[in-house]
Structure formats: C-alpha cells, structure tokens
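I opened this entry to look up the ligand site, the strands beside it and the aromatic contacts. Notes follow in the order I took them.

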Amino acid sequence: MDFSTNELTEQVAQTARDFALQYIKPHIMEWDETQEFPVEIFKELGKLGMMGVLVPEEYGGAGLSYFEYSAIIQEIAKVDGSIGLSVAAHNSLCTGHILTFGNEEQKKEFLPKLATAEFIGAWGLTEANTGSDAGNMQCTAIKDGDDWIINGTKNWITHGKSADVAVVICRTGEPRTRDNCTAFIISRGTKGFSGGKKENKLGMRASETAEMVFDNCRIPDSARMGNVGSGFKQAMKVLDGGRISIAALGLGIAKGAYEASVLYAKERHQFDQPIASFQGISFKLADMATEIKAAELLIDQACDLKIRGENVTKESAIAKYYSSEIAVKVATDAVQIFGGYGYTKDFPVEKFYRDSKLCTIGEGTSEIQKIVIARELLK
Ligand SMILES: Cc1cc2nc3c(=O)[nH]c(=O)nc-3n(C[C@H](O)[C@H](O)[C@H](O)COP(=O)(O)OP(=O)(O)OC[C@H]3O[C@@H](n4cnc5c(N)ncnc54)[C@H](O)[C@@H]3O)c2cc1C
C-alpha cells in the first residue's frame, strides 16, 4: 500500500491550512473563553467545499475521498480542535448518514444545503442515560396514522441548538429487543423540536454541544431513513466512517502540540542551553514523532479500506483508539515541555491538552473501541 500524499490531497490540505491560519487562529482563545460557536466560519468552510467533503458533486459536494477529508480535519485541528470537531460531526454524522442511508428524495433535499453549510447538521444518538449503551435509548417514535410522534431528549449533541437539520435515532420497538430503532430527518422549526441546555465544557468549547428536546414532535413518514428497525445498524455504520474523522481530529491536535513543542524546545534556554539538548526533552519529542507517524499510518489504512468499499469497523476503531490516546499523551507531554508557561493560556498547548481529551470519549470511548476491536478479532 502506498500512502504517500498525492497532489490533490496536498492541495486540499494547503487550502485548509491557509484558511485555519488566517480565519480561525486569530480568534481561538476568544471563542474558547466565551464558548462561542462561530457559525460564520462554517459558512465560509462551506464555500470551500469542506462541509460536504465526501458528498458527490451531483449533490453539491466536493466529491473528495477520505484521504482529503482526513487531511482537512487534521489541518483545522492543528489550529483549533473545536472547529475540527464541528466540521467532522457535520460531515461524518448528519451529512454522512443521509448520504449513506437517505433515499434519492432526501439526498436531493438535504445534501446540497448541508454540503454548502447553508444548513448546519446535527446527529442525535446519545441520551442522558444511554451513552455507550446507545441501543437502550428512551427517546421514542410512535406511529400515528401516516406520521410519527417523537418524544424524548437527546444529549451531548454537536450543534444541538444551532443545527438546521438533525438526523435522530429513536426507539420504534420494545426496549432491549433487536432492530428496535429507526432514523429520522427532522428540520429545525418543526413543532415540538427545540434545542435545550448547552454544555459548559472542559475543551472543544467553540463546538456547540447541547440537548435536543422532542415534545410530541410530529413528523411525516417521509422523514424516515430506511426500514423501520434499521436505525441502530445504520448508526453503527455511520460511526465506522465517523471514527476515522475523530482519529484525524486527534492526530491534528497531536501534530499541533508537537510542532509547538519542537519550536519551544529549541528556543527555551535553561542552564545556558536550549532545553531540546536535554535528553529528557528530546526523547519526549522522539516519542511524539513516532506516535504521530503510527497514527498517520493507521488512519491512512482505514481511509484506504473505506475508499475501496471494504468493511472498516475494526480498522476505524483501531485508528480512533490509538490516535485519540496518543493525542492526549502528546498534548500532556507538550504541556510538560512548556513547563509553567504550558500551564497558562498565553501558549497554545494548554488548549490542545483540554481539547484532546474529547477524542477518547466522543463517537465511542476508548473502552468501547477496544470492545469493537476485540469483537471483530474474535468473530
Ligand atoms: C463534546 C461532545 C460531543 C458529542 N457529540 C455527540 C453527537 O453529536 N451526537 C451524539 O449522539 N453523541 C455525541 N456525544 C456523546 C458521546 O458519543 C458519548 O459521550 C460517548 O459515547 C460516551 O457516552 P457517555 O458519556 O454516556 O459515557 P458512559 O457510556 O456513561 O461511559 C462512562 C464510562 O464507562 C465506560 N464504559 C461504558 N460501558 C462500558 C463497557 N461495556 N465496558 C467498559 N467500559 C465501559 C466508558 O468507556 C466510560 O469510561 C458527544 C459527547 C461530547 C463530550
């Protein structure tokens, strides 16, 4: 397998890099401090095709591959993980679900608007009492004539308040039975659908995380995606792709923290020499570089399999698990290399440190990735 970066991937990465440095970098601490979700940035990213990276051109998307998608998320996350998280959630989850499981009418109605960021998308699987155990959800959709009535609350939803459209997975069968969930597309403004509490988070603070509340929300059967009962399996498939983007998110954060650390280690002097000359520091940099390279290869392998249409459940979980864990480790070591300055908001590494932790939690915790990997190995 040859994973050397091709010209298109490099061009796309350069565009994302330039955008992140020019339009995101100047604001990251302000957005972080105030937890502002900068919707305008996403509209601009939409103009560059970065909000519909995998969407074919016939539906208004950029029609690019997972390699370019991974490069975009990495370049943005090198600057600001929270914008990277929102771009990943919009592309992989809401848009990705409609792209993979929507019918032609649903694709034509929603994909062009999502791909250009005219619509911001959300995807609701998690609930307050059912995170890792998502299949045990309590939010229900009950058939009423030709309609469905939705009741319940989805929690921890990226863009839960601001999304224009949401894919929501609801229980349509008895609890703890097989095939008891179904996916629906619900537009903002539908009576009975509202945004709830916004979370005050440790990191990823410019990415909005909020409740979505459904109170006797009536939607037509045409909002259903796929067969009744297929929602959980659809969600797991969507997460197979989504986990590649969270792996890329972790890798981008790790790269940002590593690059800042290399510069600082060369500039900072103690005992009349750059701290990089101390083995205790240079070995940390060597470990970081090695872990980053390994994560890169795992992500490239998952992208390659996905592009070739092969089952990627194990490989995306491996990439997500490893990349997330090394993101936390690299960011932690970066704070150590910066010493006291790393513990302040005047330098970038404390934010990488806070943001990195989300990667081991969102789209399935590291423990859940290990369950997925082990299940696949032992089949
Ligand atoms: C910033 C952010 C954005 C998010 N965005 C979205 C979104 O857009 N849409 C969405 O649907 N969800 C979203 N989530 C939810 C996320 O997917 C869940 O938080 C995650 O799946 C974990 O669920 P939980 O928080 O309920 O933890 P729990 O499931 O309660 O887990 C708590 C701990 O127990 C461990 N654990 C649980 N079960 C097992 C087991 N069987 N074996 C071993 N250990 C176990 C977990 O690994 C974890 O360490 C988001 C979360 C965050 C923080």
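Two strands count as paired if DSSP finds at least two bridges between them. I also noted that this is a predicted model.

**Entry: the hairpin**

I started with strand 2, residues 140-144. Strand 2 pairs with strand 3 in the antiparallel sense, over 5 bridges. I then looked at the turn. The hairpin has 2 residues between the strands, and G145 takes a positive phi near 65° there.

Next I checked who faces whom. I142 stands opposite I149 in strand 3. K143 has W148 of strand 3 as its bridge partner.

**Entry: the next strand over**

I followed strand 3 to its other pairing. Strand 3 and strand 7, residues 209-220, run antiparallel and are joined by 9 bridges. On that side I found I150 opposite C217 of strand 7. I kept one general point in mind: in a regular strand, side chains alternate between the two faces of the sheet.

**Entry: the ligand shell**

How many residues surround the ligand? I got 18, and the closest are T126, S132, W156, T365 and E367. I sorted the shell by class: 7 nonpolar, 8 polar and 3 charged residues.

A backbone N or O atom of W123 lies 2.8 Å from a nitrogen atom of the ligand. T158 uses a polar side-chain atom, 2.9 Å from a ligand nitrogen atom. For E363 I noted a polar backbone atom 3.5 Å from an oxygen atom of the ligand.

How much of the ligand does the protein bury? Alone, the ligand exposes 970 Å², and the protein buries 65% of that.

Which elements give two or more residues to the shell? I listed strand 1 (121-124), strand 3 (147-158) and helix 11 (366-377). Strand 3 gives the largest share, 3 residues.

**Entry: rings**

I finished with the aromatic side chains. The count comes to 10 aromatic pairs. I picked out one cluster, formed by Y264, F338, Y341 and F347.

Where does the charged end of R188 sit? I found it over the ring of F193, 4.5 Å from the ring centre.

Definitions and conventions: Residues numbered from 1 in each chain as written. Predicted model: local features only at pLDDT ≥ 70, side-chain atom pairs only at ≥ 80, totals over all residues. Heavy atoms only, no water. Phe/Tyr/Trp six-rings, centres within 6.5 Å; stacked < 30°, edge-to-face > 60°. Lys NZ or Arg CZ within 6 Å of the ring centre and 35° of its normal. Near = heavy atom within 4 Å. Polar contact = N/O pair within 3.5 Å; in protein donor to acceptor, adjacent residues only side chain to side chain. Areas by Shrake-Rupley, 256 points an atom, 1.4 Å probe, with all protein chains shown as cover. Helix = DSSP H or I, 4+ residues; strand = E, 2+ residues; numbered from the N terminus. Nonpolar A, V, L, I, M, F, W, Y, C, P; charged D, E, K, R; others polar.
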